Each structure stands twice: as C-alpha cells, then as structure tokens.
Amino acid sequence: MATPMQYLFENTLAFARQLDREDELRPFRDEFILPQKADGTPKIYFCGNSLGLQPKAAARYVGEEMQRWASLAVEGHFEGNPSWFHYQHTMKDATARLVGALPHEVVIMNTLTVNLHLMLVSFYRPTAQRYKIIMEAGAFPSDQYAVESQVKFHGFDPAAAIVEIAPRQGESTLRTEDIEQTIREHADSLALVMFGGIHYYTGQAFELGRIAAAAKQAGAMVGFDLAHAAGNVPLRLHEWGADFAVWCTYKYLNSGPGGTSGVFVHERHANSPDLPRFAGWWGYREETRFLMQKGFQPMYGADGWQLSCGQILPFAAHRASLEIFDRAGMDKLRQKSMKLTAFLAYLLQQINEQAGEESVRIITPADPRHRGCQLSLIIAKDGKKTFQKLIEAGVVCDWREPDVIRVAPAPLYNTFEEVWQFTSILAKIITSDTVPAQAI
Ligand SMILES: *Cc1c(COP(=O)(O)O)cnc(C)c1O
C-alpha cells in the first residue's frame with residue numbers, strides 16, 4: 001500500500017477550491033449525474049459507499065443493448081460487437097486490473113450474496129476435524145446469514161463453527177495481530193477465513209494480504225467480501241493468494257441498483273473439474289456449450305462458475321462504469337481519495353478544536369492505509385437529529401444503527417469544496433441546536 005502522505009491543509013473555502021483546481025481527476029465529475037436540491041443545485045452526495053452515482057454513459061450503453069434487442073432480437077446472441085454470447089469477455093481485463101487479478105481469475109455474474117453462496121459451496125468443505133469459519137464480528141448481515149446457513153447446511157452448529165473476531169475492550173476496530181493470533185489458535189480446526197475487505201460500519205480496511213498469509217499458513221481456505229473495497233482501494237488478490245473473492249458493483253463501482261457482481265477465483269483452482277460446485281450451462285466449456293451434451297465440463301478459470309446466460313442490461317451499465325475506472329486508474333483514484341478523506345478528517349478535527357470538546361468522534365482508523373473513502377462518525381449529542389438536519393440541508397449520507405453517520409466522499413465525482421461545505425454545515429448544526437435547517 002502507498003505510504004501515508006503528510007498533508008498541510010487549511011480550513012478555508014478558498015483552500016478547498018485550490019485543491020480542486022490542482023486535482024487532475026476533477027473532469028470525471030462531469031461524467032456523472034448528480035442528484036439535485038429543489039433549487040437545482042447539486043446535493044452533496046457522500047453515499048457512493050451505498051449506491052454509486054449514475055455515469056452519463058450508462059444510459060447509452062444500456063440503450064445500445066435495448067436497440068440491439070429491438071432490431072436483432074435472438075440474433076443479438078451472436079451478432080454485433082460484442083455479441084451477447086461474448087459480452088462477458090469484454091469486462092475481464094478492466095475487472096482484473098481493478099482487483100489485482102489475472103483475467104481468467106475473474107467473472108461478472110449474478111448478485112453478491114448469490115456469488116458468496118456459490119463460492120462457499122466450493123471453498124467451505126468442512127470435515128469433522130476442520131469445520132470452523134473465522135470472520136469479523138458485526139459483518140454485514142447478508143454475509144452473516146450466508147455463512148450461518150452454509151454451516152447449518154453441512155450439519156454443523158453455527159455457535160461452534162463460526163468464530164467472530166471483535167475489537168478489544170474500548171476499541172472500535174480490529175488489530176491485525178489479533179486476527180492473525182485467532183487464526184493460529186484455531187489452525188487445527190479451521191476450514192475457512194472469510195473476511196470483509198472494508199467494514200461497512202466502521203470503515204476499517206483490513207490488511208487482506210496479512211490475513212490471507214495467516215490463513216494459508218494455517219492450512220485453511222481464505223475468501224474476501226469486497227463489497228466496500230472494490231473501486232475504493234487498490235487490491236492485489238492474485239498476489240495475496242486469496243482462494244476467492246466476491247463484490248457487488250452498485251456501491252463504489254457505480255453500476256446501478258441491483259447491479260451485477262464480480263467473482264475472483266485464484267488461478268490455483270482454474271482447472272479443478274473435481275472441485276465441488278453448483279453448475280449451470282453457462283459454466284460449461286464455451287466451444288461445445290451449444291452441443292448441449294450430458295456431463296458438465298467446466299470452463300477454465302472463474303468462468304467455470306457461471307450458471308446462467310449473461311445479464312446483458314446490468315452488464316452494459318457495468319461496462320460503462322468499468323471504462324471510467326480504467327481511464328482514471330485505481331492508483332490515481334486512491335491518491336485523490338486519501339487526500340479527500342484526510343481533508344474531511346482534518347476539518348472534523350477543527351470542529352472539535354473550535355468546540356473545545358470531542359463533539360464528533362471518528363471511529364474509522366486514522367491511518368489512511370487502514371481505511372478507504374468512508375469515515376464513520378459518532379456525534380456526541382443527538383446523532384440521529386444531526387443526521388436528519390444534514391439530509392434537510394441537502395447532504396446525502398447515511399445512518400447506520402445504532403449510532404453512526406457514514407460519509408464517503410468518492411474521488412470520481414466528489415470535490416474538496418463539497419468536503420468543506422459538508423463540514424461547515426455540520427459545524428453549524430452541532431454548535432447551534434436552535435438554527436433551523438433552512439437557515440444553513
Ligand atoms: C452491500 C453488501 C452486501 C449486499 O449484498 P447483495 O447480495 O448485493 O444484496 C453484502 N455484503 C456486504 C459486505 C455488503 O457490503
């Protein structure tokens with residue numbers, strides 16, 4: 001990971017605007033549709049960690065496929081460039097660059113939780129000796145339910161089989177050495193380490209390379225849910241040696257509500273026809289797929305886990321977004337993101353200094369290497385009311401029970417000025433409970 005920069009910031013609007021002028025990624029903002037307030041000015045959209053904004057190109061990409069459906073109908077499967085049959089392949093290189101994989105290690109299909117189940121079918125193979133799964137405590141509920149139901153499906157007791165790692169007393173985030181220690185402690189009975197890339201609640205970015213190494217040393221499989229990491233932080237899945245990873249595309253990857261999902265399967269499993277898997281015709285060897293023969297023969301690599309023919313409309317929206325990520329480059333996005341979020345952290349600290357007390361607590365790690373775009377804030381007084389006033393003032397952020405406001409400036413479309421405007425709105429809400437939202 002990049003070494004953390006020391007930034008010299010100033011708490012003025014002019015300074016924020018200067019940072020925007022110096023930002024070489026600034027033109028990408030114009031490639032997105034920004035939600036607007038009633039007066040026609042853009043809202044401050046800090047919710048790309050939940051649903052990324054719509055790239056202007058997405059409607060064109062989807063429209064082209066609608067047109068092809070209209071004009072070619074069934075012939076669209078094999079006519080046009082790319083044909084629907086080959087559509088999958090057009091997303092591979094950009095996806096591989098995004099997550100640090102080889103092209104044949106990635107496939108785009110289904111939705112996230114579905115893919116998590118498919119991966120668990122192949123890579124959680126509990127035995128009487130090795131049956132445990134280690135994961136972070138308080139993982140996103142869908143991951144908890146998926147893991148719990150898989151454990152039960154294999155006839156094991158979730159209470160005994162799932163080992164959750166929680167922060168130490170008085171701390172909000174996990175220490176990597178505690179994760180490594182837990183993996184060592186359970187090494188003899190461990191089947192799988194299944195970790196999120198970035199925690200949805202705290203915003204902590206886990207050290208996936210170290211976690212993967214510890215899991216491998218313990219002789220266990222290792223998989224990652226990168227829902228909050230893909231398109232947010234640089235990833236090196238192949239090099240880290242994860243067995244599998246899954247992610248959705250509608251958060252930082254801006255591919256639309258209910259968008260498709262990505263899967264990584266390490267090259268070491270690329271040619272494993274005997275690995276248990278739930279199969280479907282689209283995972284069958286492409287050259288002979290339409291011979292419709294009996295006896296499943298998987299495609300090489302991650303493609304062999306496909307079930308159904310490609311979901312062309314969600315794929316088209318995703319392609320539009322992938323193309324933007326490829327042009328911007330994950331390294332440059334990360335550089336801007338670290339600066340944007342550091343500026344946000346600095347300005348929040350200024351609120352506390354001016355108030356002479358900790359009115360805003362950031363539970364996300366302070367070290368930029370251990371976080372992505374998002375900061376998770378706990379407001380000392382009236383958190384929920386503060387959140388509602390932010391929404392009324394035209395800020396889009398979200399509230400996560402029990403007590404966190406999540407704010408995630410995205411480097412593709414957010415500006416330093418927006419970060420400054422956001423903190424000045426927040427400061428006014430905090431310092432004056434009596435100011436009605438409209439006056440801000
Ligand atoms: C957003 C998110 C999900 C959502 O799963 P879907 O199947 O796409 O609805 C699951 N897991 C994590 C960690 C998430 O952040």
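**View 1. Met292 is exposed, with a relative accessibility of 57%.** Welcome to a predicted model, in which local features need pLDDT of at least 70 and side-chain atom pairs count only at pLDDT 80 or more, while totals for chains, interfaces and linings use all residues. Residues are numbered from 1 along each chain as its sequence is written, and side-chain values use heavy atoms, with hydrogens and water left out. In these legends, exposed means over 50% relative accessible area, buried means under 20%, and partly exposed lies in between (1.4 Å probe, protein chains only). You can find Met292 in the loop between strand 10 and helix 10. Helices (H or I, at least four residues) and strands (E, at least two) are DSSP runs, numbered from the N terminus. Met292 is not a glycine, yet its phi is positive, at about 55 degrees. Most residues other than glycine have a negative phi, and most peptide bonds are trans.

**View 2. Asn254 is a buried residue, with a relative accessible area of 3%.** Asn254 also has a positive phi of about 55 degrees without being a glycine. Its place is the loop between strand 9 (244-248) and strand 10 (261-265). From Asn254 to Ile324 the C-alpha to C-alpha distance is 9.9 Å, although 70 residues separate the two in sequence.

**View 3. Ile324 sits in helix 10 (residues 312-328).** Ile324 is buried, at 2% relative accessible area. Which residues does Ile324 touch, not counting residues up to four places away in sequence? They are Phe28, Glu31, Phe32, Pro55 and Leu412, where contact means heavy atoms within 4.5 Å.

View 4. The size of an interface is often given as the accessible area lost when the parts come together. Here, buried area is the accessible area (1.4 Å probe) that two parts lose on being put together, summed over both. Between domain 1 and domain 2 it comes to about 2500 Å², with carbon and sulfur atoms giving 58%. On the domain 1 side, Met330, Ile363 and His370 supply 21% of the area buried against domain 2, more than any other three residues.

**View 5. One salt bridge is found across the interface of domain 1 and domain 2.** A salt bridge is counted when a side-chain nitrogen of Lys or Arg lies within 4 Å of a carboxyl oxygen of Asp or Glu. Look for the side chains of Glu31 and Arg327, which form a salt bridge at 2.8 Å, N to O. A polar contact is a pair of N or O atoms within 3.5 Å; within protein, one must be able to donate a hydrogen and the other to accept it, and residues adjacent in sequence count only if both atoms are side-chain atoms. Between the domains, 14 residue pairs are in polar contact (both at pLDDT 80 or more).

**View 6. Asn232 lies in the loop between strand 8 (221-225) and helix 9 (237-240).** Is Asn232 buried or exposed? It is buried, with a relative accessible area of 2%. A polar atom of the Asn232 side chain lies 2.9 Å from the backbone oxygen of His228. Neighbours within four places in sequence aside, Asn232 is in contact with Ile198, Tyr252, Met330, Arg334, Gly372 and Cys373.

**View 7. Gln88 belongs to the loop between helix 2 (56-72) and helix 3 (92-99).** Gln88 is buried, at 6% relative accessible area. Its side chain reaches the backbone oxygen of Ile108 at 2.7 Å. Not counting residues up to four places away in sequence, Gln88 touches Val107, Ile108, Asp303, Gln306 and Phe315.

**View 8. A cis peptide bond joins Asn81 and Pro82, and another cis peptide bond joins Glu401 and Pro402.** Omega is about 0 degrees for Asn81 and Pro82, and about 5 degrees for Glu401 and Pro402. Pro82 is in the loop between helix 2 and helix 3, whereas Pro402 is in the loop between strand 14 (398-400) and strand 15.
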